[in-house]
Amino acid sequence: MKIASKDKFDSIVDSSDLVSRDLSWIKFNERVLDQSKKEGRSIFEKLKFLAITASNLDEFFMIRIGSLYNYLDYDKERVDYSGLREEPFKIKLMLECQQFHKRQQEHFLNNLLPNMSKSGFILSNVRNLEPDEREYIKAYFMKAVYPMLTPMVFDGYRTFPIIMNKLLVFGVVTLAPGDKKENKKLSFVQIPANIPRFFEIEREDMVLFIPIEEVIRENIVTLFRNVNIESINLFRITRNGDFTLEESEDMDANFLEEVKRKLNERKTGRVVRIEIEEGYSRWMINLLKERWNIQDDSIFKVDRSSMLDFNGLWQFIGNKRFKDKLPQVPAPVPPISYPEDSSDDIFQVLKGRDILLHHPYNNIDRILELIEKAVEDPNVMAIKMTIYRLAKDSRITRALLRAAENGKHVSVLFEVKARFDEENNIREAKKLQKAGCFVIYGISNVKTHTKLLLIVKKDENYVTRYVHLGTGNYNEETSRLYTDIGLLTTNEVLANDVSEFFNVITGHSMPMTYKNLITAPRDMRNQLIEFIEHEAENARNGLPSGIFIKVNSLEDSEIIYALYRASQSGVTIKLIVRGICCLRPGRAGLSENIEVLSLVGDFLEHSRIYHFHNNGETRTYAGSADMMVRSFDKRLESLFRVEDSLLEKQLMNIIAYNLKDNVNAYTMLEDGTYVLKIPQVDEEEFNVHKEFFDVRVEDVMSVKLVQN
């Protein structure tokens with residue numbers, strides 16, 4: 001395969017003040033791949049992280065590479081943050097993807113595959129099985145697999161079949177006896193998604209995982225009788241999977257609608273990647289390249305001794321025989337702001353104090369119990385909430401259904417545009433609607449990403465509003481894996497703000513201002529820039545200043561340039577950005593006072609915290625929004641101010657612990673690369689994903705964030 005020279009565009013990329021969003025994302029996935037290489041992890045953990053990188057890369061090709069092809073296919077101009085136009089940027093990006101793919105494959109072949117047998121399992125070919133096991137496989141194929149397979153030939157009489165996204169496919173080149181070479185035909189055999197990826201055989205001391213593609217390959221002759229099979233080629237395609245304004249951030253709406261119409265006419269998204277086993281038919285691949293209009297840099301080759309699609313590794317990890325091989329997450333601890341001697345009546349507790357939850361260290365059950373208690377309380381009159389993602393069998397849905405049955409007013413906004421959760425959200429929303437809940441299926445031009453809950457309860461002669469504001473989804477499953485923040489409060493200022501915001505969501509209202517809530521798409525970018533500029537002004541006037549922010553992604557150029565200006569004014573800026581970071585830290589004359597860390601480890605860092613020193617009159621916010629164009633312009637988002645002294649200190653301590661971490665933390669360098677932050681000589685390991693289970697009130701109250 002001919003690939004462009006690595007350094008062809010490097011000088012342009014390196015000279016830009018901004019880091020490419022997509023190139024930065026590749027660096028993030030490399031940090032995830034690092035987790036699969038860490039010493040001390042079991043092979044099951046390593047396989048898990050490798051599978052995560054594969055899933056991440058699939059989504060990246062479907063969404064980000066797909067979006068890039070929208071520009072290429074329809075001759076629309078796009079200049080990346082790197083300074084490169086569409087075609088040069090695609091060459092650079094595909095080169096980075098090819099190199100990452102190579103590192104994935106090498107790690108699997110060299111480090112994981114040889115060590116499987118030590119842990120009681122192996123990846124096996126059919127031909128390596130015992131005779132009785134091979135007979136067992138043959139019977140399984142004939143009874144369970146053969147009836148599911150449909151060979152689809154492409155020739156002058158039949159149209160080119162639709163090859164499904166992300167399925168394993170055999171491309172079989174055949175020739176009828178006596179026919180000339182030019183009369184060979186290409187047939188496709190797609191492996192249905194509902195067949196397990198591996199056939200499992202349990203021996204006394206070993207589990208054998210036989211890939212379903214090898215089972216089919218061994219028996220594929222049964223599908224092609226009385227013809228000569230010239231080659232059998234296993235491949236997998238990825239299609240453009242997203243056409244939303246949110247992803248195509250600089251694309252105008254009319255053009256996007258045009259793309260959507262053309263996509264509907266074609267029925268399927270354009271192919272953006274082919275993964276294929278080595279030794280493939282050159283005739284077949286040339287046909288596919290021409291058919292799908294892709295170049296060699298979109299073809300990713302896999303060694304026959306490896307495997308296509310590492311997503312299948314989840315079957316290894318989920319095997320019940322190895323359940324005890326994965327590390328157990330410690331039991332959640334009580335929130336430090338929750339009174340130890342309190343009754344079980346959370347309504348009474350919240351009347352007296354605010355509670356800050358830090359997941360997964362604190363259990364999401366506090367929120368679920370609040371909702372379930374509200375459902376059964378005859379004095380609760382209304383429940384309102386926004387839902388972005390839910391667990392498959394959600395306690396939230398069950399509780400809201402009971403609330404409607406109990407005659408309470410229930411308003412729910414289900415964001416049906418939550419990517420890859422659309423079907424689940426529509427299904428759950430319809431259940432609630434049928435039960436009599438007031439359901440909103442998102443707002444047309446924006447995604448509702450804010451996480452809000454409002455419970456209205458009549459207490460004797462007055463009404464109390466119980467509010468939850470969070471950084472993460474109301475999802476019991478992901479709450480055990482994602483770090484998030486949630487505030488439970490009856491604070492009247494926040495309750496008024498949240499009530500107003502629900503009126504915006506469910507009705508036609510545009511409040512002039514909020515007191516302790518910052519919302520997007522109207523105010524958030526400008527408000528954050530105002531806070532940043534105020535810190536810069538304090539620094540220029542010789543006053544204490546400091547900016548400490550923890551987010552998932554930093555991509556908005558207006559925010560980035562405001563941070564650059566603050567750095568040039570002398571403000572100490574420390575950023576904790578797990579994923580994409582388009583800001584360059586430590587560049588002379590631009591960002592010397594900015595440090596960027598990324599934490600990647602056992603939990604997925606998902607909380608967003610914004611802290612501004614403000615000459616000692618601190619401003620501290622948490623919420624649903626990252627610093628991205630889509631968050632500020634194309635989503636309903638909210639950041640909520642935390643004023644309670646203990647709770648604000650708790651948020652500051654989360655930042656301080658993140659900055660102290662020397663196990664999961666990577667330092668971003670000026671060129672956009674990352675280096676692992678490791679303990680110095682005589683320095684103990686500090687792993688936030690363990691330390692937060694033991695945090696104490698005295699630790700929190702003594703926290704200090706260093707500023708200039």
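## Note on the predicted model

1. **Strands β15 to β17.** Strand β16 and strand β17 (residues 482–489) run antiparallel and are joined by four bridges. H468 stands opposite L488 in β17. On the other pairing, β15 (residues 451–459) and β16 also run antiparallel, with nine bridges between them. There K451 stands opposite G470 in β16. β15 and β16 form a hairpin with two residues between them, and E460 in that turn has a positive phi of about 55 degrees. Strand β16 (residues 462–470) is largely enclosed by the rest of the structure, because seven of its nine residues are buried.

2. **Basis and terms.** This is a predicted model, in which local features need pLDDT of at least 70 and side-chain atom pairs count only at pLDDT 80 or more, while totals for chains, interfaces and linings use all residues. Residues are numbered from 1 along each chain as its sequence is written, and side-chain values use heavy atoms, with hydrogens and water left out. Helices (H or I, at least four residues) and strands (E, at least two) are DSSP runs numbered from the N terminus. Two strands pair if DSSP finds at least two bridges between them. Buried means under 20% relative accessible area, exposed over 50%, and partly exposed in between (1.4 Å probe, protein chains only).

3. **Strand β8.** Seven of the seven residues of β8 are buried. Five bridges join this strand to β7, and the two run antiparallel. R236 has E275 in β8 as its bridge partner. β8 also takes part in four bridges with strand β9 (residues 299–302), this time running parallel. I274 is partnered there by I299 in β9.

4. **Helix α6.** This helix (residues 212–219) is mostly covered, with seven of its eight residues buried. Contact here means heavy atoms within 4.5 Å.

5. **Nonpolar cores.** A nonpolar core is a set of buried Ala, Val, Leu, Ile, Met, Phe, Trp, Tyr and Cys residues joined through side-chain atoms within 4.5 Å. The largest core has 105 residues, and F121, F235, I274, L554, L563, L575 and L583 touch the most other members. Helix α3 (residues 43–73) gives the largest share of this core, 14 residues. Another core, of 51 residues, lies apart from it and includes L517, A656, V688 and V700.

6. **Cavities.** A cavity is a set of points on a 1 Å grid, over the protein atoms alone, where a 1.4 Å probe fits but cannot get out; lining residues have an atom within 4 Å of a point. Grid points are joined across faces, edges and corners, and the volume is the space filled by probe spheres set on them. There are three cavities of 30 Å³ or more. Fifteen residues line the largest cavity, and A54, Q104, E275, D309 and F310 lie nearest its centre. The elements giving two or more residues to that lining are α3, α4 (86–112) and β8.

7. **N240.** This residue is in the loop between β7 (228–239) and α7 (253–266). N240 counts as buried because its relative accessibility is 6%. Its side chain makes a polar contact with the side chain of N70 (3.1 Å). A polar contact is a pair of N or O atoms within 3.5 Å; within protein, one must be able to donate a hydrogen and the other to accept it, and residues adjacent in sequence count only if both atoms are side-chain atoms. Not counting residues up to four places away in sequence, N240 touches M62, G66, S67, N70, G269, R270 and V272.

8. **Backbone points to check.** The peptide bond from H359 to P360 is cis, with omega near 0 degrees. P360 is in the loop between β10 (355–359) and α11 (365–376). The bond from A520 to P521 is also cis, with omega near 15 degrees. N293 has a positive phi, near 55 degrees, in a residue other than glycine. At 45% relative accessibility, N293 counts as partly exposed. D682 has a positive phi as well, near 65 degrees. D682 is exposed, with a relative accessible area of 81%.

Note on methods: 1 Å grid on protein atoms, 1.4 Å probe; cavity = no way out; pocket = protein on both sides within 12 Å on 5 of 7 lines; lining within 4 Å.
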